[in-house]
Amino acid sequence: MVLTHAHPDHIQGLLYIADNFKVGEFWESRPAMDDSENYRNLRAIIDKRKIPVREIHASDHQMDIGGARLEFLWPEADSSNQYPDLNQRSLVFRLVYEKGAVLFTGDIGMEVEKRLFAHKGQQSNVLKVPHHGSRYSSSPEFLHWASPEIALISAGYGNSFHLPAEQTLARLKEKHVEVYRTDLNGTIRLIYDEGKGKFIARRQNWHFN
Ligand SMILES: [Zn+2]
């Protein structure tokens, strides 16, 4: 179970998962630097269930889990002074399985996106779009670097921030990226297609009356 950063919209779902699912390890960005009630509640469940905690940053070695490889790209160890905003310290990692790859980006913005360009050869066929599709993330240069075919956007239906932003959707459209949104499509499942040699996405459409 991974907490990219300790903001409430990322913690609250994990409270249920930590309490009700079998969790092998809990991973978070180092240091979490959060003392909110949500975070304390999460850590209390993790302690109670004796779930091992691992603090991750970019210099950690890649890890092999169940045939997949996880590569850690961000945050760098010394970046907490430079980026006090928790969003910018989101854990960014790439999950590689056979010929497919998924890039997880938390809520990073364009400044941190640029820092990722130092990692070459990071094409990922699926991108978890940063920061719920904010227009201050997903720069054209970043989309070129990640070069996804599929974009996943996590956003609440009718959310007051009006995310995902029109600008982000336009940038994805320009790159001919297929977009899946939790606000419109519900749960999105990724399945590795052996024949195609890449991940494909499946919608579970919700119907609003
Ligand atoms: Zn968020």
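Predicted model: local features only at pLDDT ≥ 70, side-chain atom pairs only at ≥ 80, totals over all residues.
Does K114 count as exposed or buried, and at what relative accessibility? At 51% relative accessibility, K114 counts as exposed, because the cut-off for that class is over 50%.

**Zinc site**

Four residues coordinate the zinc ion at 2.1 Å: D9 and D107 through OD, and H10 and H132 through NE2. Along the sequence these donor residues follow the spacing D-H-x96-D-x24-H.

The arrangement of the 4 donor atoms is irregular because the angles they subtend run from 86 to 158 degrees. A tetrahedral assignment would require all angles to lie between 85 and 135 degrees. For reference, the ideal angle for four tetrahedral donors is 109.5 degrees.

**Strands and their pairing**

Strand β1 is joined by 2 bridges to β2 (residues 26-29), and V2 stands opposite W27 in β2.

Antiparallel pairing is found around strand β5 (residues 68-74). This strand is mostly covered, with 6 of its 7 residues buried. Strand β4 (residues 63-65) is joined to β5 by 3 bridges in antiparallel fashion, and M63 stands opposite L70 in β5. The hairpin of β4 and β5 has 2 residues between the strands, and G66 in this hairpin takes a positive phi near 55 degrees. Strand β5 also runs antiparallel to β6 (residues 92-97), with 5 bridges joining the two. Within that pairing, E71 has R94 in β6 as its bridge partner. E71 and R94 are also linked with R69 in a network of salt bridges.

**Salt bridges**

The structure holds 9 salt bridges.

| Pair | N to O distance |
|---|---|
| R54 and E25 | 2.8 Å |
| R43 and E28 | 3.0 Å |
| K114 and E111 | 3.7 Å |

The side chains of R54 and E25 meet in a salt bridge. This pair links distant parts of the chain, with R54 in strand β3 and E25 in the loop between α1 and β2, 29 residues apart. R54 is partly exposed at 34% relative accessibility, and E25 is partly exposed at 27%.

The side chains of R43 and E28 likewise meet in a salt bridge. Here R43 belongs to helix α2 (residues 37-48) and E28 to strand β2, 15 residues apart. R43 is partly exposed, with a relative accessible area of 22%, whereas E28 is buried at 1%.

K114 and E111 lie 3 residues apart in helix α3, so about one helical turn separates them. E111 counts as partly exposed at 48% relative accessibility, while K114 counts as exposed at 51%.

**Nonpolar surface patch**

Y16, I17 and F21 make a nonpolar surface patch of about 310 Å². I17 is found in helix α1, and its relative accessible area of 31% makes I17 partly exposed.

Methods: Residues numbered from 1 in each chain as written. Heavy atoms only, no water. Donors = N, O, S within 2.8 Å, 3.2 Å for Na, K, Ca; no water. Tetrahedral: all angles 85-135°; square planar, octahedral: opposite > 155°, others 65-115°. Patch = residues over 30% accessible without salt bridge, like charges linked within 9 Å, V, L, I, M, F, W, Y side chains within 5 Å. Areas by Shrake-Rupley, 256 points an atom, 1.4 Å probe, with all protein chains shown as cover. Salt bridge = Lys/Arg side-chain N within 4 Å of Asp/Glu carboxyl O. Helix = DSSP H or I, 4+ residues; strand = E, 2+ residues; numbered from the N terminus. Buried < 20%, exposed > 50% of the residue type's maximum accessible area, 1.4 Å probe, protein only. Pairing = 2+ DSSP bridges.
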